[in-house]
Amino acid sequence: MSSGKAKLLACLISILFFSLPALATSNPPAQPADLIITNARIYTVNAEQKWAEAIAIRGDRIAAVGSRKEVEPLRGPATKVIDAGGRLLLPGFTDCHIHFMEGSVNLTRVDLNGATTVAEIQKRVKAYADAHPHELWIRGMGWTYPIFAPSGLPDKKILDEVVPDRPVYLEAFDGHSKWANSKALAMAGIDRNTPDPPNGQIVRDANGDPTGALKEAGGELVASKAPKPTRSQRLEALRRGMREANRVGLVRVHSAGGDFEYLDLYNELHKRGELTLRFYIAYFLDPPGLTPDAIAKIEGARRAYQGDWIEGGAVKTMLDGVIESHTAAMLAPYSDDPSQTGKLFWDPDKYRATVADLDARGLQVFTHAIGDKAVRLGLDAYQNAAETNRTHDARHRIEHIETSAADDIARFGKLGVIASMQPLHAYPDDDTLYVWARNIGPDRAGRAWVWRSIEQKNGVIAFGSDWPVVTLNPWPGVQTALTRQTDEGNPPGGFVPRERLSLEDTIRAYTLGAAFAGHREKPEGSIEVGKLADLILLDHDLFKIEPSEIGKTKVLLTMVGGKIVYESPRWKSPPTKTRKP
Ligand SMILES: [Zn+2]
């Protein structure tokens, strides 16, 4: 080394030596925030700092959380300030079980949710048909059976009266039954001579003529004739779906089927900068199991999608059906019909082997299991996979868990299996109290949707909706988790009331628990420095109102990655004084 270079080095060392302590003690002013939300009641879902008043955001991340005084130093000349007017601010909600494309496409069709009379249905169908004169088919969803009492099934004539010239095809709210007008039946070639398809029924009147009601696979005869939505119609539907999700306070969804095949559409919106909702999208796997083609698709999606906006790497499968139709797999016979125990959709050995294979590949598994036999098999398979592969923290999930054997409840916590549940499925209406509960009898109905029991045994609960089966609006779900009563307060003491959750635990199941269920608790799920600024501001302080009022909650602002993606027309940020720094 030349002496000149040696001197230069000595000089540099001395500069470093003398300047380092000075840097450490002087604490230069932090870079100003892009946005400060102040004067808020912030419930953070962070056990270390439950409540705060103000939050600073830089880029898409949270830069500070604390009192107004603590956050104020981050205000610079260009910092925007929102005065929350003392409103409740929460982490944005995640819906852990959704069928997003299906729900979004439905938003572009006739919405029959909440219609309680034939006249109302006719009015909505006609209004839609008039507003969409170029739509070749009128499609919709959301009718319910009691409207058509006593048979419980609708008739084509009701639709013919309002739309005789174009095919009309409407799904029941549960997707199990369909309703076609005469034109749609004719286009599908369905008449009195058409035989019922396997696993389906063409409902007929006393003369043997089709009534327009179609059960299960019977609907496919008509649906297969309807044009499929085009790519641009699907993109437009997704935009509407995202707007609707943001409007009710969702910032992320976990897709449990029906979206994997449209990953490129989600990606197109992402590349255009149009995503306002984060997506975790599972591949839907049917028995008999993995094929090389399926593995290539799943692994390919995992590699291609791993950012903050779209993620692959999960697999959804179904072990059974539903209790109402005796298709949920039960350990013992149904109480109302001892000849039935339901049926597993998978051969148990094949399912266990498939789960072990997925687990060894580091893929997260979502298993739909509603009956206690299916829930047990799910737990067994996850336990077996962890033991065989020596894997840890895979966070495999069971979806729905409508009833479970008493011995299995503690296994969620013990095995680290996520309980992914949907509070509105436990809404104690007549279907729940008189059909669901009757079918499995009081003992098993006493272990209906055991949120609290699972949680008390250290299981993680993650909440969602199952949209479009029920609304994607989480607030009626929050109310149901707290009350286990209908809006009218039935049953008076609550349905299996010991399984109610506290408000704090319910919020966690939609935020930090949901983030954990998607392996995203480091960047999401609570309001903490360094996490993504995914936030919602509410019109009501949930901690100060009656649980029975929570379902009516409205979101005033939804923010994803520091950007406002929804602003209620009712929201006017109180004026803020700007200060020269
Ligand atoms: Zn589902």
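Reader: Start with His99. Is His99 buried or exposed?
Author: Bear in mind that this is a predicted model. His99 has 13% relative accessibility, and the cut-off for buried is under 20%, so His99 counts as buried.

Reader: Which protein atoms are the donors of the zinc ion?
Author: They are NE2 of His97, NE2 of His99 and an OD atom of Asp466, lying 2.1 to 2.2 Å from the zinc ion.

Reader: How are the donor residues spaced in sequence?
Author: The pattern is H-x1-H-x366-D. His99 sits in the loop between β8 (93–98) and α3 (100–107), and Asp466 sits in the loop between β21 (461–463) and α16 (474–483), so this pair ties together parts 367 residues apart in sequence.

Reader: And Asp466, buried or exposed?
Author: Asp466 is buried, at 9% relative accessibility.

Reader: You mentioned α16. How many of its residues are buried?
Author: 9 of the 10 residues of α16 are buried, so the helix is largely enclosed by the rest of the structure. Among the buried ones are Pro474, Trp475, Val478 and Leu482.

Reader: What happens at the start of α16?
Author: A side-chain oxygen of Asn473 comes within 3.1 Å of the backbone nitrogen of Trp475. Just after the other end of α16, Arg484 has a positive phi of about 50°.

Reader: What about α17, how many of its residues are buried?
Author: 6 of the 8 residues of α17 are buried, so to speak mostly covered. These are Leu503, Asp505, Thr506, Ile507, Ala509 and Tyr510.

Reader: Back to α3. At what angle do α3 and α8 pack?
Author: α3 and α8 (residues 231–247) pack at about 95°, and their axes are 8 Å apart. The two helices are therefore roughly perpendicular to each other.

Reader: Which residues make the contact?
Author: From α3 they are Phe100, Met101, Ser104, Val105 and Leu107. From α8 they are Arg234, Ala237, Leu238, Arg240, Gly241, Met242, Glu244 and Ala245.

Reader: How many of those are nonpolar, polar and charged?
Author: The contact of α3 with α8 has 8 nonpolar, 2 polar and 3 charged residues.

Reader: Why do residues three or four places apart in an α-helix point the same way?
Author: An α-helix has 3.6 residues a turn, so residues at that spacing point the same way.

Reader: Change of topic: cis peptide bonds. Which residues does the one with omega of about 10° join?
Author: That cis bond joins Pro287 and Pro288. Pro288 is in the loop between β16 (278–284) and α10 (292–304). Another cis peptide bond runs from Asn490 to Pro491, with omega near -15°. Pro491 lies in the loop between α16 and α17 (503–510).

Reader: Next, Ser404. Where is Ser404 found?
Author: Ser404 is in the loop between β19 (397–400) and α13 (411–415). Ser404 is buried, with a relative accessible area of 0%.

Reader: What is Ser404 in contact with, leaving aside neighbours within four places in sequence?
Author: Ser404 is in contact with Asp372, Val375, Ile409, Arg447 and Val450.

Reader: Last one, Ile398. Buried or exposed?
Author: Ile398 is buried, with a relative accessible area of 0%, and lies in strand β19. Leaving aside neighbours within four places in sequence, its contacts include Thr367, Val375, Leu379, Tyr382 and Phe412.

Reader: How far apart are Ile398 and Phe366?
Author: Ile398 and Phe366 are 32 residues apart in sequence and 5.8 Å apart in space, C-alpha to C-alpha.

Methods
Residues are numbered from 1 along each chain as its sequence is written. This is a predicted model: local features need pLDDT of at least 70, side-chain atom pairs count only at pLDDT 80 or more; totals for chains, interfaces and linings use all residues. Side-chain values use heavy atoms; hydrogens and water are left out. Donors are N, O and S atoms within 2.8 Å of the metal (3.2 Å for Na, K and Ca); water is not among the atoms, so sites may look incomplete. Helices (H or I, at least four residues) and strands (E, at least two) are DSSP runs, numbered from the N terminus. Buried means under 20% relative accessible area, exposed over 50%, partly exposed in between (1.4 Å probe, protein chains only). A polar contact is a pair of N or O atoms within 3.5 Å; within protein, one must be able to donate a hydrogen and the other to accept it, and residues adjacent in sequence count only if both atoms are side-chain atoms. Axes are lines fitted to C-alpha atoms, for helices over the stretch in contact, and angles run from 0 to 180 degrees between N-to-C directions. Angles under 35 degrees count as roughly parallel, over 145 as roughly antiparallel, 65 to 115 as roughly perpendicular and the rest as oblique. Contact means heavy atoms within 4.5 Å. Ala, Val, Leu, Ile, Met, Phe, Trp, Tyr, Cys and Pro count as nonpolar, Asp, Glu, Lys and Arg as charged, and the others, Gly among them, as polar.
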